[in-house]
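Open the model in your viewer and keep the selection tool at hand. This tour goes from stop to stop: what to select, then what is there.

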Amino acid sequence: MDKNGDVWIAHYEDVRLGKLTPASGRFEEYLPTTVANPTVLKRDTWDDKDGFSYKFDFGFYGLGMDDSHDTVWSLAFNSDKLTRFSRNDRLFADVQLPGRSLGRFVLPVDAQGNVWTLAGPCCGQEGELQLVKINPQLEQQAFALQVRKAKVPSLTVGRDGTVWASLIANDDTLPSLYAFRNGQFEAVPLPLEMTTFITRLHVDAQGDLWLATGDDIWRKHNKTFERYHLPTPGAQPSMMTSDTRGNLWFTEWHGNKIGRIDSTGHIREYPIPPEEESPLTLAVDADGKVWFSVLFNYDLFRLDPDSGQIQSFPLPVPSNWSKNAAEGLSACVLKPKDALSLMAAKTPPQPVAAANPVLRHPLNYPDNAGAKAFEQNCHTACHSWYRVDRAGQRRTDWRPTVERMIEFNKAPIADEQRELIVDYLNRHYTLAKP
């Protein structure tokens, strides 16, 4: 969210930034001169050794908002650079980092407008992990962390200027936490019960540090850690933010919910629409409404915490990778629609089927016409059979997802084939019927 109440997004699957003005529904996209190469999505870019081969700019990976200088920052995925977008002149500028960028979704910006990120060696290179500060004039400083390898790094900055970094260092199995002050790193002891990796860090308005782990969220107040155990087993909280009312908000990557811890420590969870999965990022507007995105969907969603109602804002699908690139701007007007009503939010959860073994191929393929139709038309682009099997443990209707996959790929699938696909998935990959 920016100071004007606009919602900003970064396209992971294309090199573009988007801005939605909720009051009018106007959605704008800004494209730099660098254009994503669509060949990275083709199956022939995989190999047995390295998996997915990223030889081109694939998309933006995270956002940082600097309202004091009217700029938006983002990471270029799987690259050694940051990108700054000026909201005044609509120009992009790149910053070369001293190593591969290691940020995920969020680029913390301090009170002076400095952007912080982690950079390190990549692809067999030797070197130490570095904390990098870039000021509004694009000048940078790097501070060595004396860590040669890092897993699941996360970064945040407090109002007092302290930069917090978490990661699993070198060949360790337990997480580490560092505080960076006055040019020095200080290792901060963690509770013995914190044995899993830290997915995210966040500092609230009161200066407390929040840490998200597999089933828990922790709050560090002064030198004391307080644990909040989430009601959903294996929720995997991933993104956190806070609002002006003292609430902490978070996404549940595996729990498929938006969660809230209020100022009294009470936890409430809001289920996302049943046809969606894996909420990714979130932000809270001035009215206390929570905006979030999900995996496998180009919609933005807005949750009203008071009513439990969720609306969706269907963003335009990037059907052409270089759409309007010459002009550097595309725009349209979005009309929101109800994604989950208050009545649906209060409906008791349906019984979940027993966990199925991981599927590496479809049921009854190739003898079943519906399985063949899905395998040949939809699955190769958007869904693995593993993902279908997982989603089948909580989904009741596959039609919205099938329609979205077809729209995304502009696939020339006949109506008869669509019905075969929907019928097949609903028969084999939905919640167990009571």
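Strands here are DSSP runs of E with at least two residues, numbered from the N terminus, and two strands pair if DSSP finds at least two bridges between them. Before moving on, note that this is a predicted model, in which local features need pLDDT of at least 70, side-chain atom pairs count only at pLDDT 80 or more, and totals for chains, interfaces and linings use all residues. Residues are numbered from 1 along each chain as its sequence is written, and side-chain values use heavy atoms, with hydrogens and water left out.

**Stop 1: β16 and its partners**

Select 184-188, which is β17; 5 bridges join this strand to β16, and the two run antiparallel. Now show the turn. The β16-β17 hairpin has 2 residues between its strands, and N182 in the turn has a positive phi of about 50 degrees.

Select 176-181 for β16 itself. Of its 6 residues, 5 are buried (buried means under 20% relative accessible area, exposed over 50%, partly exposed in between, with a 1.4 Å probe and protein chains only). On to β15, residues 163-169, which pairs with β16 in the antiparallel sense over 5 bridges. Pick A165 there: its bridge partner in β16 is Y178. The β15-β16 hairpin has 6 residues between the strands, and N170 takes a positive phi near 50 degrees.

**Stop 2: an open sheet**

Select β6 through β9. These 4 strands form an open sheet in the order β6-β7-β8-β9, with antiparallel pairing. Which strands stand at the edges? They are β6 (64-66) and β9 (92-96); each has a single partner strand, so one side of each is left without a neighbour in the sheet. The twist averages 20 degrees from one strand to the next (axes are lines fitted to C-alpha atoms, and angles run from 0 to 180 degrees between N-to-C directions).

Zoom in on β6 and β7 (residues 71-75), which pair antiparallel over 3 bridges. D66 has T71 in β7 as its bridge partner. The loop between these two strands holds D70. D70 is not a glycine, yet has a positive phi of about 55 degrees. Is D70 buried or exposed? It is buried, with a relative accessible area of 18%.

**Stop 3: S278**

Jump to β26, residues 277-284, and pick S278. This non-glycine residue also has a positive phi of about 55 degrees. S278 is buried, at a relative accessible area of 4%.

**Stop 4: aromatic rings**

Show Phe, Tyr and Trp side chains. There are 14 aromatic pairs (ring centres within 6.5 Å, using the six-membered ring of Trp; planes under 30 degrees apart count as stacked, over 60 as edge-to-face and the rest as tilted). Select W8 and Y30: their ring centres are 5.9 Å apart and their planes at 20 degrees, so the pair is stacked. W8 sits in β1 (residues 7-10) and Y30 in β3 (residues 26-30), 22 residues apart, so to see how the pair links distant parts of the chain, colour both strands. W8 is buried at 7% relative accessible area, and Y30 at 3%.
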